[in-house]
Amino acid sequence: MSEATQSQRRPLALNLLITAFIVFWLVLAAFPFVWTVWGSFKVEPDFFSRESWWNAIFGTYTKAQTGSAFTGEGYYGAWVTREFWRAVGNTAIVTLSVTVISLTLGTLGGYALARSGQRYAFWILIAALVFRAMPHITLVSGYLLPFFQLNIWGVLPTSIIVLVAINQPFTLWMLHSFFLSIPKDLDESAMVDGCSRFEAFRRVIIPVMWPGVVTTGLFSFLLAYNDFATTSMLLSADNQTMVPKISSFLGSVQEAGNVMYAVAAVVSATVPLFILVLFFQRQIVSGLTAGAVKG
Amino acid sequence: MPHKTFFAFILPSLIAMVLFIALPIVSVVVQSLYVEHPRILVEVENCQPFGGCTKEVRVDSAAMQDLERSQPMGQFNGLGTYLNRGHLAVDEIGAILADNTGPGDVLSRIYNLPFYKALAFTLVFCFVVTPLAMALGFVIALAVNAVPKVIKGPVIFFSLLPMIITPLVGSLILYWMIQSNGIIGASLQHLFNDPTLSLRASPLLTWLSLLFYGVWSNAPFSFVVFYAGLQTVPGDTLESAMIDGASRWERIRYVIIPHLMPLATFVALVQLMDNFRVFEPIVGFSAEANATSLSWMVFNDLSGDAQLFGSAGATSVLTIIGVIILLTPVLIRTWRDFNHKVV
Amino acid sequence: MKLMFKTTVSLGVLCLTAGAAFADCGIEGAGSVRILSNDFEALRLVNTTAEECAADGVTVTANATAEHKNLQVPALSINPAEYSVAVVANNSIVPLLNDDLIRPLDDLVAKYGQALQPNQLIKIDGKIMAIAFMGNAQHLFYRKDVLDAAGVAEPKSYEDILAAAKAIKDSGAMEYPVAASVKPGWDLAAEFVNAYLGTGAEFFAPGTAELAIDNEHGLKVLETMRALTAYMDPDYLTFDANSIKAEYEAGNTAMMVEWGSLAGATIDDEGAADGVVANTVLAAAPTIGGGTIPAVALWWDGFTIAKNISDEDAAASFQAMVHGISPEMVAANSAVATWLVAGFEPGPAAVGVIATANAGARAYPMQPYMGLLHTALSAELAEYMAGTEDAAQALADVKAAYDTAAKEGGYL
């Protein structure tokens, strides 16, 4: 639908309503984050105040402890004292590899599922759904012994492969629906022209599949990025990714936590996502358009 | 597509899933049918830094060794674990039904069983959050579709925030905001003029805040998918509807919604499944006292000082069965679509 | 008990002069040292100090992770074990003992353990299975100014705490004078275990895994726990150890039974409201029901050596760990923990733990099925604490949940 003509005809009241709703939603969606960014420059008794939340605004304790209403202590503590940058490096490796491998396997598999009319293709899809229903934590606790036996526990490649596998059902489903929406004639006419199935895939399908792949990639990326169950159990402390690292800042009965380190770390961790979303925003939207429509 | 080509394409993905998901599921199912061998206990003297020496019981691991070597899986128990009090609690339910003082008593006593308590919250969460989050996502998508192009990028990013902030810390911060000294909690107290109002103390309010968090964090997923779907609504259909004099609401009702229906199925499928496995909000909101879920039970079995693999396995299998039951309508629909597909 | 800490202190003076002997690590022989431990500052210090032992032929690596309890059994059951050292506590040593995954240390102690004190040796069935190096316990933190204003003396028992709480609340000084970490889960179960230990009763029928808490002691404990909630913030069911520390530092509460390991962070000059730190007294844990035993569990952290490794690795690991807990390390970091090592001079943050230990508190039980009880308590006491269930029902639920788990575990 063309936007210009639509909005021209929209009555003023409706426009106001839409604007009001968008503002309301944006406040709802973004306020906690904005509040966190603001609070990450305070000390814990202010941001997590037991007295009054106004402390988080005025920085009462921050002033008393550091002499200024804003402090970079959380960031310093997380990045320098507790070496958060290591976790960032590991996360970068894990998320990038998971996304790339998931998408490579998923595109091939999804394409095959979309083009095969055999019964077993349907059952593979259903099996994938059932696989997705398994709570991750049960899966992971089952991996430990074999991984120790094979001496592959604790290193990044193992976690990457596990995350790829755990992520495959979703990737397959999403890409399968996406390939369904690409007209069959496209690759079939290429095959009539003498291409093999794989050549047809390479020459005809790959050039048009990017929007769908980017969208699926976003979800793969988020899964690997936010994963806690797998990475906390399968990686040694040196290879830890961001989320387990952040959780180790939170404290236990043995140690008072540095919750502000966690808050600062979370804020820092969101910056690359912001860039990513802005960068791929157009593809995300157009990708889903072409993709999941056929459900 | 010939079988050979099909498998050539799908093999890598299939191998990954079989190795890392299917085999572990099989082993979990098998494990859940077994319990540990009866342990041979001995009393030994035990000396610690505090309190000197005391007599304490130990497992006689030497005596257990032979038994464990010959039957490493443990003792076959059939469906015993599934039916015990920690899971389906068949005997306990039978006892409750046989001897009770009325339906209220039956309900409250069944709710006292851990599995049913967890199941109750899991189902409520699933069936409240999924439709509400989808509806909210749809409305946001319609609204975002109407904003000027220039601000669309940032609006989309901010709308996605609830989905992309690490749930671990996202729920911690939100939880902080709603506690009685937090900005939202204190404002609510002010608004309702009730200084004792605490969202964390009462079971009802805890459930409501968890449901609210669920809708908040799930809406962006529906939003992205629906917003994308809106871009493909055929312009000519809309225009002909307008020429026919259809109102704005009628256009949404009779053109846009049917067009988005397949998408909605996809979203419902993914969201129902994810919500059935709700876990992070419960821990993030410290809501264990008032709300537990099936995934939380699995976590509790595995994270204690003594890990109960059989019990966790049984709960996991029950979770899978629950998901399959929930998704049956969607699966039947997929089956029909699949059969319609021209081979 | 009293004796023990006195010896510790006097030995410390001796060791200060003899300290130079520990300056370098000098492991005899070669081998690979691989440490698995929980992730907190004191253990990270031990690990870093042990890592100093890396030399020609000796490699030392450490993995400090909060998931150590989940990792240790599979990691030590393979041969050779993934880790040569597992750092454990009263509760986490149990799975290793159950599956026979750690080796007796008697010969290693004889050979390399001269610096260890007798009370550091954890002996099971006459064999040394672990070397303890730090202790921990919950104990009473209270605000002297608030109690003085309300005209109450230092509470010695939970009954005193209830009376003091009433006096403070009635005087209007504080609305919620008591705080406790009763968040359902591990914390709540630990509170019950603590109080029950204070009654002097046993959790299990002697020699068996039969649960024995369904008695007047169990009811007394539950009754006390619930009576305290009347003086707690209404959100008490969401409070864990770190939350009550924050409540206390903000000046919202006057008395709490809190972990000794958090005392240092509570009485430092950061994050507390005016007057809180200056007026804080760390005292022994309260008794319960007219008993004389402090109603808390004592905890130790120690190291164990894996069974499935070569003797060479075991010897290197033992020496590295002995170096890791050397008196020099302890002397340089005496504020970090309540060390059980020779030469430890307790700082102001350790007085509560020491007072509790000296008053005769009991250690957290090490029965193989104690973990099952802890898990059962963690889930089944929540409704009682919320006030929606009576004590008899709560105990019945705990027993039912425990029996189910114990049958699955092969104990019943």
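**View 1. Helix 8 packs against helix 10 in chain A of this predicted model.** Helix 8 (residues 119–133) of chain A and helix 10 (residues 156–180) of chain A meet at an angle of about 140°, and their axes lie 8 Å apart. Axes here are lines fitted to C-alpha atoms, for helices over the stretch in contact, with angles running from 0 to 180 degrees between N-to-C directions. That angle makes helix 8 of chain A oblique to helix 10 of chain A (under 35 degrees counts as roughly parallel, over 145 as roughly antiparallel, 65 to 115 as roughly perpendicular and the rest as oblique). Helices (H or I, at least four residues) and strands (E, at least two) are DSSP runs, numbered from the N terminus.

A word on conventions: residues are numbered from 1 along each chain as its sequence is written, while chains are lettered from A and ligands numbered from 1 in the order in which they are written. As the model is predicted, local features need pLDDT of at least 70 and side-chain atom pairs count only at pLDDT 80 or more, whereas totals for chains, interfaces and linings use all residues.

**View 2. The residues between helix 8 and helix 10 of chain A.** The crossing of these two helices of chain A is left-handed (the near helix is turned anticlockwise from the far one by less than a right angle; clockwise would be right-handed). Helix 8 of chain A brings A:L125, A:A128, A:L129, A:F131 and A:R132 to the contact, and helix 10 of chain A brings A:P169, A:F170, A:L172, A:W173 and A:H176. Two residues are in contact if their C-beta atoms, placed from the backbone, lie within 7 Å. By class, this contact has eight nonpolar residues, one polar and one charged (Ala, Val, Leu, Ile, Met, Phe, Trp, Tyr, Cys and Pro count as nonpolar, Asp, Glu, Lys and Arg as charged, and the others, Gly among them, as polar).

**View 3. Chain C where it touches chain B.** Here 51 residues of chain C are in contact with 41 residues of chain B. Elements giving two or more residues to this side of chain C include strand 5 (127–143), helix 15 (370–380) and helix 17 (391–408) of chain C. Helix 17 of chain C gives the largest share, seven residues. The side of chain C that touches chain B divides into 24 nonpolar, 17 polar and 10 charged residues.

**View 4. The make-up of chain C.** Chain C has 17 helices and 11 strands. Its C-alpha trace spans about 70 × 50 × 35 Å along the principal axes.
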